[in-house]
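Let's take a walk through a protein together, one piece at a time. Keep the picture open and look up each residue as it comes along.

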Amino acid sequence: VSRIAKMLGIISDAQLQSLQAKEKQCQRKLESRVYVSKLCWDLLDDVIKISRARTTGGLGLNQYDTRDNVKSSRFFPPGHEHVEAYMNQPDVRAAVHVDRESPRFKECADPPYDALQHQDGLGVVPSITRLLDGPADKRVRLLFYNGQSDLICNHVGVERALLNLNFQGKAAFHDAKARPWLKNGHVVGYHRSANNLGLLAVKDSGHMVPMDQPEAALNMIATFLDDAPFAGDA
């Protein structure tokens, strides 16, 4: 988070150094298998607080879309209450086989996280490397994508994580060049891939890529499922 915040001009060099010192403390906690830590949660919150201090009316950076300032990210994405109302209609619940005793649908419900929070920060690196290094005839293709304006799940952090994976194709992915991803002659993002691992940064998009760039998102899914090259790839 601190690196992309600096790239976006949200924090200064001094603030970057302070946050990176906290990041190292957080990493030590994770290495010690302490997966629920206020110190780690604060890494994102500190950036939001810095952005809020620069605005009036209590507005701060939207952690899901840095193009926007909000009082709280709890109300993101816009219109989610309409989806919740629809999903909780009796006929819709019946159509998807939800019984009457089951909880009401929420866009971001707490119980699943509460049940798994003891694993928060554990990571999925072993699972990803196992998939990437599977037998050649059964090797799974993986595609990671982020909106360029997403802060909480940002493309800088995802790229760094992928570059640090220890798998058979590590050198090839490290050397792979980013290429423009074209749709109708316009650049809609940047694509990088090698063997069975791909990475996309989607332009003009925050956390919810299908909401911000629906045509590009559909093209991305179709291209990946068809195992076709992304437009603009040589």
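Start with a cysteine: Cys153 counts as partly exposed, because its relative accessibility is 36%. One thing to keep in mind as you look around is that this is a predicted model. Does Cys153 have a bonding partner, or is its sulfur too far from the others for a bond? The closest cysteine sulfur sits in Cys108, 11 Å away, and that is too far for a bond. Cys108 itself counts as exposed, since its relative accessibility is 56%.

So which cysteines do pair up? A disulfide is a covalent bond between the sulfur atoms of two cysteines. This structure holds one of them, and it joins Cys26 to Cys40, with 2.1 Å from S to S. The pair links distant parts of the chain: Cys26 belongs to helix H2 and Cys40 to helix H3, 14 residues apart. If you look along the link of Cys26 and Cys40, you'll find 110 degrees about the S-S bond, and that link is right-handed. Are these two cysteines buried or exposed? Cys26 is buried, because its relative accessibility is 8%. Cys40 is buried as well, with a relative accessible area of 19%; the cut-off for buried is under 20%.

Now stay with helix H2 for a bit. H2 has 19 residues and reaches 27 Å from its first C-alpha to its last, close to the 27 Å expected at 1.5 Å a residue. Which residues of H2 are buried? They are Leu16, Leu19, Glu23 and Cys26. These four cover an arc of only 80 degrees around the axis, so they sit on the same side of H2.

Follow the chain out of H2 and you meet Arg33, which has a positive phi, near 65 degrees. Keep going and there is Val36, in the loop between helix H2 (13-31) and helix H3 (38-53). Val36 counts as partly exposed, because its relative accessibility is 44%. What does Val36 make together with Trp41 and Tyr113? The three make a nonpolar surface patch of about 300 Å².

Take His97, which is in the loop between helix H5 (90-95) and helix H6 (110-116). Phi of His97 is near 65 degrees, a positive value in a residue other than glycine. His97 is exposed, with a relative accessible area of 73%. Then there's Asp227, found in the segment after helix H11 (214-225). Asp227 isn't a glycine either, yet it has a positive phi of about 55 degrees. With 53% relative accessibility, Asp227 counts as exposed, because the cut-off for that is over 50%.

Let's finish with charges. Side chains of opposite charge can pair when their charged atoms come close. How many salt bridges are there here? The count comes to eight. One of the salt bridges is between the side chains of Lys6 and Asp13, at 3.3 Å from N to O. Lys6 is partly exposed, with a relative accessible area of 29%.

Another salt bridge brings together the side chains of Glu159 and Arg192, at 2.5 Å from N to O. Glu159 lies in helix H8 (residues 155-163) and Arg192 in strand S5 (residues 186-194), so this pair ties together parts that are 33 residues apart in sequence. Glu159 is partly exposed, with a relative accessible area of 26%, whereas Arg192 is buried, with 11%.

Next, look for Glu215, which forms a salt bridge with Lys183; their closest N and O atoms are 3.8 Å apart. Why does this pair tie together parts that are 32 residues apart in sequence? Because Glu215 lies in helix H11 and Lys183 in strand S4 (residues 179-183). Glu215 is exposed, with a relative accessible area of 54%. As a last stop, find Asp65, Arg67 and Asp212, which are linked in a network of salt bridges.

Definitions and conventions
Residues are numbered from 1 along each chain as its sequence is written. This is a predicted model: local features need pLDDT of at least 70, side-chain atom pairs count only at pLDDT 80 or more; totals for chains, interfaces and linings use all residues. Side-chain values use heavy atoms; hydrogens and water are left out. Patches are made of residues with over 30% relative accessible area and no salt bridge: like charges are joined within 9 Å, nonpolar side chains (Val, Leu, Ile, Met, Phe, Trp, Tyr) within 5 Å. Accessible areas come from the Shrake-Rupley method with a 1.4 Å probe; for residues, only the protein chains shown count as cover. A salt bridge is a side-chain nitrogen of Lys or Arg within 4 Å of a carboxyl oxygen of Asp or Glu. Helices (H or I, at least four residues) and strands (E, at least two) are DSSP runs, numbered from the N terminus. Buried means under 20% relative accessible area, exposed over 50%, partly exposed in between (1.4 Å probe, protein chains only). The expected span of a helix is 1.5 Å times one less than its number of residues. The arc is that of the directions from the helix axis to the C-beta atoms. A disulfide is a pair of cysteine sulfur atoms within 2.5 Å.
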